[in-house]
Amino acid sequence: MAMEVGSILEFMENKSILITGAAGFLAKIFIEKILRVQPDVKKLYLLLRAPDTKSAMLRFNNEIISKDLFKVLKEKHGEKLNSLISQKIRVVAGDITCDNLGVRDSLLLEEMFKEVDIVVNLAANTDFDERYDILLGINTLGAKHVLNFSKKCDKLKVLLHVSTAYVCGEKEGLILETPYKMGETLNGTIGLDIDAEKKLIDETLKSLKAENYSDDFIQSKMKELGIQRARKFGWPNTYVFTKAMGEMMLGHLNKDIPLVIIRPTIVTSTYKQPFPGWAEGVRTIDSLAVGYGKGRITCFLGDPNTIIDAIPADMVVNAMIVAMVAHANEANETIYHVGSSVSNPLKIAPLQDYGQRYFMKHPWINKEGRPVVVGNVKVLSSMESFHTYLSIHYLLPLKGLEMLNRACCQYFQGIYLDMCRKIKFVMRLVDLFGPYLFFKGCFDDMNTEKLRRAAATDKSVVETDTFYFDPKIINWEDYFMSIHIPGVVKYVFK
């Protein structure tokens with residue numbers, strides 16, 4: 001794959017970019033980056049799920065521009081920032097689960113079809129445990145609607161779609177940067193048909209509503225259905241299953257527009273820009289950090305030698321920008337794994353050590369103003385040993401406490417409920433993240449490495465420093481101890 005990457009800053013000058021899912025974690029970093037390094041971009045159309053423009057503007061002000069992430073941009077432009085935003089940003093109310101992305105303003109639609117050069121699809125629901133109907137609507141059918149919209153853009157140079165490396169499931173060995181064919185499954189089970197999945201969802205919902213079940217019951221059943229369908233075809237959860245089907249849609253329906261699919265691994269806080277350590281929301285491995293730091297986790301499951309493939313968010317965004325420049329006007333599909341497992345692998349054992357050392361030195365202060373004392377976490381290397389440990393140390397004592405609590409007229413109710421919460425928390429983490437804690441694969445990033453080399457060859461030193469995305473420069477101990485965990489504590493811990 002020979003490629004040339006010219007000046008990225010020159011390419012972005014006077015371009016109009018549509019960004020879906022604009023309030024998401026990566027989207028905010030993408031928006032900030034473009035405004036900071038290339039204020040001469042023509043227009044950023046930010047699609048936000050909202051019923052009208054007023055509601056979309058409210059979301060933009062509350063969920064995007066007010067964030068600490070934009071403090072460097074605010075310092076750079078001062079009072080002129082409002083003028084820059086009014087000139088460069090157009091907030092668009094819409095919904096990617098609908099045709100034309102739910103944009104109702106016909107004049108605005110006409111403007112976007114005429115002006116948009118680049119479409120960046122960052123709209124996604126990343127909850128592993130969400131309802132099947134919601135995840136299929138956004139992650140699968142939403143991808144189709146974004147593609148159909150892109151085809152109507154007169155000046156389209158590239159559609160960049162952000163997926164996840166874990167659409168590849170639980171394969172062992174080197175996982176290649178290859179596309180999905182329509183109906184392809186991870187375990188070889190035949191019969192995967194996206195239209196049939198949509199029909200199954202509609203019929204299930206209709207049946208449940210006809211029986212007058214409660215909303216909570218319907219929600220629970222739709223979550224169960226998603227997990228059941230995902231595991232039938234070999235995926236560990238509904239999120240990655242629906243993202244994989246989204247990729248199938250793009251590959252099948254795309255004919256001649258330039259399509260780039262970015263598959264990041266586990267996205268962590270910013271490494272360097274706009275400043276180190278910015279994070280938002282509890283992401284995959286941060287669930288463990290939050291649970292441990294707050295004293296909820298004393299044992300966990302996982303092979304100490306398993307590689308956790310992490311990549312800082314700013315590196316993902318930089319790779320996205322370089323890739324969209326490299327493939328502008330190329331009528332083909334290219335896939336990039338953006339991760340670290342091949343070039344700079346990180347194992348569970350040192351990651352656990354970093355968390356333990358950090359919270360022992362900097363304990364979390366709880367709501368009562370007291371530091372939470374943490375200790376050694378017992379790591380169990382098989383599911384059998386985990387269930388045995390849980391039964392002996394938690395489930396049996398919990399049963400005893402339940403009987404004592406009843407005998408003492410609910411005197412120990414607070415302790416009993418707290419213990420229940422801790423066990424439920426750990427069990428949910430194990431169910432959702434267990435497959436990744438024994439993951440034996442590494443994500444081949446040959447395409448991404450070629451992109452890095454092409455960018456380093458073609459660009460100026462200034463641009464190379466601006467659009468870095470080489471994980472080999474990361475010192476994991478320094479990153480987790482000095483950047484990531486402090487960032488998670490500052491921005492995520494509640």
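## The second largest cavity

Let's start inside the protein: Y166, I266, I307, I308, D309, S341, Y436, F439, G441 and F443 line the second largest cavity. Here a cavity is a set of points, on a 1 Å grid over the protein atoms alone, where a 1.4 Å probe fits but cannot get out, and lining residues have an atom within 4 Å of a point. Its volume is about 60 Å³, taken as the space filled by probe spheres set on the points.

This is a predicted model, where local features need pLDDT of at least 70, side-chain atom pairs count only at pLDDT 80 or more, and totals for chains, interfaces and linings use all residues. Residues are numbered from 1 along each chain as its sequence is written, and side-chain values use heavy atoms, leaving out hydrogens and water.

## The largest cavity

The whole structure holds three cavities of 30 Å³ or more, and the largest has about 490 Å³ of space. It is lined by 26 residues, with I285, L288, A289, L351 and Q352 closest to its centre.

## The open sheet

Elsewhere, seven strands (DSSP E runs of at least two residues) form an open sheet in the order β3-β2-β1-β4-β5-β7-β11, with parallel pairing; strands pair if DSSP finds at least two bridges between them. β3 (89–94) and β11 (333–338) each have a single partner strand, so one side of each is left without a neighbour in the sheet.

Further in, four bridges join β1 (residues 16–20) to β4 (residues 118–121), and L18 in the former has V119 as its bridge partner in β4.

Definitions and conventions
On a 1 Å grid over the protein atoms alone, a cavity is a set of points where a 1.4 Å probe fits but cannot get out, and a pocket is an open set with protein on both sides within 12 Å along at least five of seven lines; lining residues have an atom within 4 Å of a point.
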